[in-house]
Amino acid sequence: MATTEVERRRGQLAALSIAAVVIIVGVPLWWRTTETYRAWLPVSQIKELAKLQLHLSADVEVVFARGTVTPEQQKKVPLTQTQNMEHRVDGDSFNAILTPMRLSNSASVEADLSLHTLSESPSGSLVVYVIPESSSLLPQNVDVYIGQRRTALLRIGSQMRVGKTLEQLLAHMEPRIKQVLHVMSFSHTDITAALSNRVRISPGNKESIADSMRAFKSSPGYEITFSLLNPDPKSHRLHWDIEGAVETYIQPLLTKLSPVANFSIDSQTLYYAMLGVNPRFDSSRSTYTLNADSLAHVINPVEARLGSNAASSNPVLNFLLYIPDAHHSPLYIHDHKKQQVPTNAFHSPRWGGIMVYNVNEFYEVDTVFPVDINIDMAKVMGVFLAQLRLLLGVQSSTPPPGFLVAPCGNAGLADWELDRLMWSRSVENIATATTTITSLAQLLDQIGNIVINDNIAQQVSSAVTSLQLAVSELEAGNLGFALQYSKEAILSSERAFFDPSLLHLLYFPDDQKFAIYIPLFLPMCVPILLSLLKIVSEARQKHREKKPKKD
Amino acid sequence: MAAHRCSFSAVLFALWGLSLLTVARGQEATLEGNDRTAVVDNPESVAGAAEQAAGQPAAEDRRWEATAVEEVSPTEAGGGSDSPAPKPAASPPSVPRPKDDFQEELVIRPLHSGDIYTSFQFRTLWETDFTRENKVSHYRLFPKSLGQVISKFSVRELHISFTQGYWRTMQWGQPYLPSPPGAELWVWFQDSLTDVDGTWKELTNVLSGIFCASLNFIDSTNTVQPSASFKPLGIGNVTDHRFLRYATLPREIVCTENLTPWKKLLPCGSKAGLAVLLKSEKLFHSSFHSQAVHIRPVCKDDQCKTTSWELRQTLNVVFDLHNSGQGKNEWSLFKMFSRTLTEACPVASSSKIYIDITDNSQGEQFELSPATPLLSQAVVLGDRRTFSVYDLTQQITFGTMRSLNLLIRGKSSQGDMLRPLLHAERYVAGYGLQTGEIHTLMYNNHPYRSFPVLLLDSVPWYLRLYIHTLTVTSKGKDNKPSYIHYQPSKDRVRPHLLEMLVQLPPNSVTEVTLQFERALLKWTEYTPDPNHGFYVGSSVISSLVPSIVAMDTNNSRERPLFSSFFPSKEESSYFVRVYTEPLLVNLPTPDFSMPYNVICLTCTVVAVGYGSLYNLLTRSFQIEEPSPGLAKRIANIIRKMRGVPPL
């Protein structure tokens, strides 16, 4: 009896120790060897980014010209005044609070206007010159003049001169300055449009949606392609001096825009490129017409031949110059009201523009085909330049009444317009990068199978740091740096998101894993479990036997 | 060369003449005459046809300049009685002379086997500099996608071919442009490039997108850097093979999806010109189909001060007599391509069809309709050939029907083909799945001349070559190669590269044998159909072959005696590249359910061993009464039934 009891104890101990070895050594070993490598990600910082609040601030310098400030008002300078104005854009995961004004009142009260015009103000800042009411600088009915640089002239109204101190004067002028700021830097609608892809906005009017959809999304570079479509090379031999035209018309604008993005320009000639729609013959005017509602189908067959850029993956802006063939000439585009479009051109949002260039005035009665035709590039490039401005998002919003905007100079773009673009681009970049990073973090969190390599972790953290830097630079009003950092953030976040190594082990479903493990696990675990059960039941039985003995 | 200079000066003359257009109409006419004679004067020599083609753009240029002068300086011309000499330079043309030029050409050669060989060539020349930094590029005739590839990847020369089928040299003779089955890509990069391998990888990926082909499967395991076989075909004297990459994909299957992007590169697409004939359902219903793109820098003029880029798109098809001829030996454009020609491509400066009528000088082999008076002679692949020429830029070619449907009606299939002087074949010998032997046979059919050939073999790493077993024998004797370049493979990194220079004795077969061992691959490295076998790319044999024209010393043709003593230099030998068949080698292939079987088996063995060990350790053993035997139990049952107490 005693020997069998000892033997039984020994068996139980053996079973228990085997179970212990399996649990202490086997399970962790299996766990460690089948684990996927996951580098550390700054998850908490990413979560912070998800509920980011954007503060935008712009420096506004108000300069009073001689005769606008009374001596007693003059005493209280210098002074800096910060004005906060909050717009709220509420979205699912994105809050943006905009504080667009820090009013710094400069000491140079009696400044020389011309001197200040020369001094270069940093991008993002504004200088507002306040001129006396009687000044003849501005025409009679104009209160505010917006120059080509980052300057504006503001005529001081008589009702504004009531204040005793400078603060009061400034408080009177504030709504005007805000208006100037909205025109020259950013307004609520701009920022909302920039965030439109990230934030669900209550549907506004159709026009503003169309406006926000038109411009290309922010990207570190753009490819601009001019294509000359010659559907009828048998009758037209076309010559276009695209090289010279690009140099004169397009290049200055792009040089100006170089802080925003890199541009590369190409041009090509496509023969036998037909439009997708047969133009209708208008017998009353003996012309051919394209209706506005059929324009959507025009570019489809052409697009197959345009070709994408083999050398980069930046978005392509297409500008097509279509010369109608001799049998469908002249060709005019009609808008929805059946009116002839004066430029004979149209553009497609986020795609490019098409211009129809009629050459039938070159035909004579006894013309021998082919005809040599020199295309008037000034006419063409004027249209393309306007389209390019629209597609790049250089908005020419209508100024409030009483405003006079200086015509843009040679570059086709005023400094403040560039600033405006940079503001909205920075905000858009930050929003895009944040969404990319948060969704990547979410994805990695949800699917445990994905291997996270060190380089991905590095990209993610560099994206996060650039994002934080961009946000703080925006807050400080350093527009140039903010844009730079936001671009870096976009680049590294996209690189992390589209890294092919994330896909390697994605398809390794659990049921297949278990099919492989079962032949090993089942025969090993069943005896262990059974003997453990037996030990437990015996122990319970013994326990029960002891109880009645006590009783 | 002289002719070229002649036409150049003719252009200058024409310019000068046109500036005097309004002054002296008569004078202009005489100059026109001069020009024409200059073109006609072209000697019909080696590149007679090419020279004619070169004469064509000169005429075109002149016409363009004319409109410019008339447009720009009507006042000048009105008061143009002052000194005429500086005038051509003084009046800048508002329409610039186009810097690019496009030519198209189709050669049809009836083969002795009764098949028909058609070869399309489209050539775009562009005077530009892709290597300039940060440049705005404006494309007119040159395709934009290829231009961007050249400038982005610093390509100096690019040759890519896609071939379906194998060129049967013994039946068909030499092709105009040889290509191996599958895809072949070789690229010379600019010597300013630092990271050649990275650029090569990117380039293959981009080209794979452009041509819809699996070129992205080109990686370091099938890329080699031949030291001698592939020299640049364009200008430039950098021959450091560090900037050369060569790869083949013998498995690549070529079909419509490769033809469509290829056609898109043409300026006229498939809308006009010779390209309307390129209809894929006919082109791929053939014995051999090969399309290629060659880009190289060439000289602009004979001084070679400026370079132009040449893009040559070629397409070679051999139509099968029995497939589409229905037994009748009758061919027409419509029968072959199901289209006829109605016009030349309007932007092409030359558009011609050549038909090889060398063996048909008296019309004994076939009959050609419509007949053409234009004939052209050229030395092609060392043989003097005669061609009938149809110029599509002339309206008269199309006749009253306004469409050209060439008809070749074969009369007899007699006549013997001249045997190609060089051809080669290759096979794998041996049995079993462990070792094998590659045999390459090179035939020199020249009766009395020996010539050297360069043999290039690129063998994947999973065939481990035993280079010490390399033997080269011809006519039963050992033939020691004068140059051997061998680069051993590295597993999963790079293939074997073997290049050697072998002298082929006249009228002989030279056999190169090399033993190899088949490697075992990892289970993920097998293709989806591993039992089909693994392809090994064609060997490439490059050689300067003595010309047949030079061989022709038996005075059978009537030639002046003074011209036939020394073989003239240009014609004495010509360059030939011959590709052998690709090999299909079986590798030891595992059963692919093996991993799971192994797991199950191992687990079962482990479980059985573990189970018995576990039982031994945990069971408690006690002596038990042995149970009564079967007989005793039966006896007991019987006793129980009888009511007797059991035993």
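Hi everyone, let's start where two chains meet: strand S12 of chain A, residues 262–271, is joined to S3(B) by two bridges, and the strands run parallel. Strands here are DSSP runs of type E with at least two residues, helices are runs of H or I with at least four, and both are numbered from the N terminus. Two strands count as paired if DSSP finds at least two bridges between them. Within this pairing, Ser267(A) has His138(B) in S3(B) as its bridge partner.

Before going on, a word on what we are looking at. This is a predicted model, in which local features need pLDDT of at least 70 and side-chain atom pairs count only at pLDDT 80 or more, while totals for chains, interfaces and linings use all residues. Residues are numbered from 1 along each chain as its sequence is written, chains are lettered from A and ligands numbered from 1 in the order in which they are written, and side-chain values use heavy atoms, leaving out hydrogens and water.

Now, the rest of the meeting point between the chains. How many residues of chain B are in contact with chain A? There are 42 in chain B, and they touch 43 residues of chain A, with contact meaning heavy atoms within 4.5 Å. About 3,700 Å² is buried between the two chains, and carbon and sulfur atoms give 59% of that. Buried area is the accessible area, with a 1.4 Å probe, that two parts lose on being put together, summed over both.

Between chain B and chain A the count is one salt bridge, and that term means a side-chain nitrogen of Lys or Arg within 4 Å of a carboxyl oxygen of Asp or Glu. Lys234(A) and Glu343(B) form a salt bridge, with their closest N and O atoms 2.8 Å apart.

Which parts of chain B supply the side that touches chain A? Helix H3 (48–72), strand S3 (137–138), helix H6 (144–152), helix H8 (196–210) and helix H15 (594–618) each give at least two residues. H15(B) has the largest share, with 11 residues. By class, this side of chain B has 25 nonpolar, nine polar and eight charged residues. For that sorting, Ala, Val, Leu, Ile, Met, Phe, Trp, Tyr, Cys and Pro are nonpolar, Asp, Glu, Lys and Arg are charged, and the others, Gly among them, are polar.

Next, let's look inside chain B. It is divided into domain 1 (100–410) and domain 2 (422–585), with bounds from an automatic or database domain assignment. The centres of these two domains, taken over C-alpha atoms, are 25 Å apart. Domain 1 of chain B brings 30 residues to the contact and domain 2 of chain B brings 39. The area buried between them is about 2,800 Å², with 57% from carbon and sulfur atoms.

Across this domain interface the rule finds one salt bridge. Arg251(B) forms a salt bridge with Asp529(B), and their closest N and O atoms are 3.1 Å apart. Polar contacts across the interface come to 11 residue pairs.

Another salt bridge in chain B joins Lys152(B) and Glu202(B), with the closest N and O atoms 3.6 Å apart. Lys152(B) lies in helix H6 and Glu202(B) in helix H8 of chain B, so the pair ties together parts that are 50 residues apart in sequence.

Finally, some backbone details. Strand S13 (375–380) of chain B pairs with S14(B) in the antiparallel sense over six bridges. Ala378(B) has Arg385(B) as its bridge partner in S14(B). S13(B) and S14(B) form a hairpin with two residues between them, and Leu381(B) in the turn has a positive phi of about 50 degrees. Most residues other than glycine have a negative phi, and most peptide bonds are trans. Tyr272(A), not a glycine, also has a positive phi, of about 55 degrees. Which peptide bond is cis? The one joining Ser369(B) and Pro370(B) is, with omega about -5 degrees. Pro370(B) sits in the loop between strand S12 (366–369) and S13 of chain B.

Note on methods. A polar contact is a pair of N or O atoms within 3.5 Å; within protein, one must be able to donate a hydrogen and the other to accept it, and residues adjacent in sequence count only if both atoms are side-chain atoms.
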